[in-house]
Amino acid sequence: MVTRRTFLGTLSLAACSNVALPRGFAQRMLQAAGVADGEDVTRHVNIIIGTGGHGHCFPGATVPFGAVQLSPDTYDDGWDWCAGYHRSDSSIMGFSHTHLSGTGCGDLLDILVMPRTGDVKLEPGTRENPERGYRSRFSHDDETAEPGYYSVLLKDTGIHAELTATERTGFHQYTFPAQAQNAHFVVDLIHAYQSPKHPVREAELTIDPDNRIVTGGRTVNSWAPGRQIYFAMEFSAPFTKAQLYSDRQPIDSKTTKGNALQAVLHLDPPAGKPVHVRCGISAVSTANALKNLRAEQSDWDFAAARAKAKASWQRELSRIRIDGATSDQQAIFYSSLYHMMCAPTLMDDVTGEYRGMDGQVHTLAAGEHNYSSFSLWDTFRSLHPAFTLFQPARVPSMVNCLVAMAEQSPAGMPVWPLQGEETGTMTGYHSASVMAEACVKNFSGIDWERAYKVMRKRNMEDDYRGLGLYRKDGYIPADLEEESVSKTLEYDYGDWSCAHVAKKLGRNDDVAIQLKRSQNYQHLFDKKTLFVRAKIANGEWATPFDPKEMGHSKKWRDYTESNAWQTTFGVQHDIKGLIDQFGGREVFLTKLDSLFNQSSELPADAPPDIAGLIGQYAHGNEPYHHIAYMYVYAGVPYKAQERIRFILDTLYHNDPDGLAGNEDCGQMSAWYVMSALGLYAVDPVSGTYVLGTPLFEGAKVSLSGGKSLSVEAKRSSPSQKYVQSVALNGKSLDRLWVRHSELVDGATLTFTMGDQPNHQLGADPKVAPPSLTA
């Protein structure tokens, strides 16, 4: 069983690392990060959450926002192995240095290392017959995962593997059995996520036996086509033999190029001591990978590296403290917070260089960073709003990174960028949403003229995936473009986002156009069926129509990973306007209740992303995460409180299959964290948060400048989910929403809770959260 061991004392560190440590070493590492005795929150993180089911999470070692995710790979193909690991497997292929966190598409798994004894095997073997290759069986009973550390016993060889990481390096420690025969390591550059099959386009590999170093790199045509990655790997023990292979055939050279390269490195493990491997990565060059290695791993002290990784997690996880939670709630909350910092990931070097979206090497300004793994269609909804509270120092750098990507990329505004390449996955252009939110919340250090230039090009000029039709017709015809309904609504939010930056810059003509266009969803609202549905080019409704179907024909879908039931409530910026389309609150509420009370039956061709169903509400997919909060806009916040608590209690669990769907780079977790705190950014660009129902008796969020946001829930029982009243800094509120500006300088939100709904609180339309129409 995976455990969440703490190593506050010296004994556990020494036992796992076989290194004698000074007394109190681990505790001093935590104290260096500002942690007092007895306050270790990393012990609450259960990293196995999301490694089963369809969570697509990896269990290995990383640090907050780190470029390296050093983790075991159990398989390299299939939807549930997008992160290279699934809890259902019983053998390990090896340990690679890059992994995606919770995505619905696969890539990475770069630079596989596997320790071995016995005969050299160059094929990985199969899950059914691991002995045919270099795989090894393992048991979850022999697995340990905690923030910044992973270990497992490889049963077939008796090798104990331990992993830790820094931002740009991975650090391995392998303890071989006594008198191990023919100990060796396989370094496999063929290994990659196999979609398409054999995705490695070209690779290079060099062995420097005298210095015990292996360097190389590869270009991969997978989800992010043309992605480049380089590495420099150093071993603590000398090689007795070092052999390169191309197409699994030995070659008489210490350097080679090809598309199927491997190295086998033989050595004699020192008696009673582990063998260490440390590896730096870079998207620029092997030289930079070596510089990263030298800068971040200056010695062979694995225990110290592990302690530093733990301290980095302790520092970041401690930015939010909670009181009055059960042990399971603590595990879910802090595991969610952990997953929120597994992406975006750094992708620059200690030199300040990085590979841009144009394929060229660029140099960052001092203090800036380049990031990767922006799952923007998902994360603009609550992950990035959460960052504006508890990770404010990173926000300008992330926004500047997105602006630079838009300037450099042939594809324009980032959609789903991954390691210098645009995957183009999902609809909309929600890099604009992240930029606009930072603008509205007055983050400094961002050139808004520069940002708006790239935003406006996409918004006003680009003929991108139906965007020209959207501007011309006021909607996207379903007979001319796939997923036309969802794209129309996504482009509405793009207009809304761009309008806020344009307003800041005084571009009022643009603002008028953008605000008007942001109501284009109304052109697809059918007042007879009360659904948002597809239209064809002549203005007629597309038929046949079934609100549970993905579209009106099998040529393509009208909705993105959704149907009419879900997409009808996909308006985030103008919920008052949507309510008006229904004919008022009463009709809207009837429909909203029906969404949750419908049969959960879906058509056979529904994508697996539509998961975590409550009726036709699908919590397992991000576009619906705001829907429970729409009750607040309709004047019945107590119904929102009921739905939110039900989701918190039933769709998140402290076990491997603990998520309702893909984790999606922190978004699934961010919904839990923000909702458990009692506030949620339904419309991130508005700079407001809608108040829900706090899960805990108290919470404290560290803001910038040493300030804090405290959330208090006055209640006599944890079961009290209904909000009776709310006060901000001691002053009673008649509304159930707050502005970011009211919190960011330090604030206290006090909820008084009860067993029964307060039907008057938030019922007056005048106190509803802001909407475009209102």
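A: Ser-151 has a relative accessible area of 5%, so it is buried. Buried means under 20% relative accessible area, exposed means over 50%, and partly exposed is in between, with a 1.4 Å probe and protein chains only.

Q: What kind of model is this, and how are the residues numbered?
A: This is a predicted model, where local features need pLDDT of at least 70, side-chain atom pairs count only at pLDDT 80 or more, and totals for chains, interfaces and linings use all residues. Residues are numbered from 1 along each chain as its sequence is written, and side-chain values use heavy atoms, with hydrogens and water left out.

Q: Ok. Where does Ser-151 lie?
A: Ser-151 lies in strand β7, residues 149-154. Strands (E, at least two residues) and helices (H or I, at least four) are DSSP runs, numbered from the N terminus.

Q: And what is Ser-151 in contact with?
A: Leaving aside neighbours within four places in sequence, Ser-151 is in contact with Asp-142, Glu-143, Thr-144, His-160, Ala-161 and Glu-162. Contact means heavy atoms within 4.5 Å.

Q: Take His-160 then. Where is it found?
A: His-160 is found in strand β8, residues 159-165. The relative accessible area of His-160 is 24%, so this residue is partly exposed. From His-160 to Pro-115 there are 45 residues in sequence and 9.5 Å in space, C-alpha to C-alpha.

Q: What about Phe-138, buried or exposed?
A: Phe-138 counts as buried, at 5% relative accessibility. Its place is in the loop between β5 (136-137) and β6 (143-146).

Q: Which residues does Phe-138 touch?
A: Not counting residues up to four places away in sequence, Phe-138 touches Thr-74, Tyr-85, Asp-89, Ser-90, Ser-91, Ile-92, Glu-143, Val-152, Leu-153 and Lys-155. As for Arg-43, Phe-138 is 95 residues from it in sequence and 24 Å from it in space, C-alpha to C-alpha.

Q: Now the gaps. How many cavities of 30 Å³ or more are there?
A: The count comes to eight cavities of 30 Å³ or more. On a 1 Å grid over the protein atoms alone, a cavity is a set of points where a 1.4 Å probe fits but cannot get out; a pocket is an open set with protein on both sides within 12 Å along at least five of seven lines; lining residues have an atom within 4 Å of a point. Grid points are joined across faces, edges and corners, and a volume is the space filled by probe spheres set on the points.

Q: What is in the largest cavity?
A: The largest cavity holds about 200 Å³ of space. It is lined by 19 residues, and the closest to its centre are Arg-381, Leu-489, Glu-490, Gly-570 and Pro-623. Helix α12 gives the most to this lining, with five residues.

Q: And the largest pocket?
A: About 380 Å³ of space lies in the largest pocket. Of its 22 lining residues, Asp-76, Pro-124, Ile-190, Gln-194 and Arg-248 lie nearest the centre.

Q: Which helix gives the most to the second largest pocket's lining?
A: Helix α4 (residues 302-317) does, with seven residues. The second largest pocket has about 320 Å³ of space.
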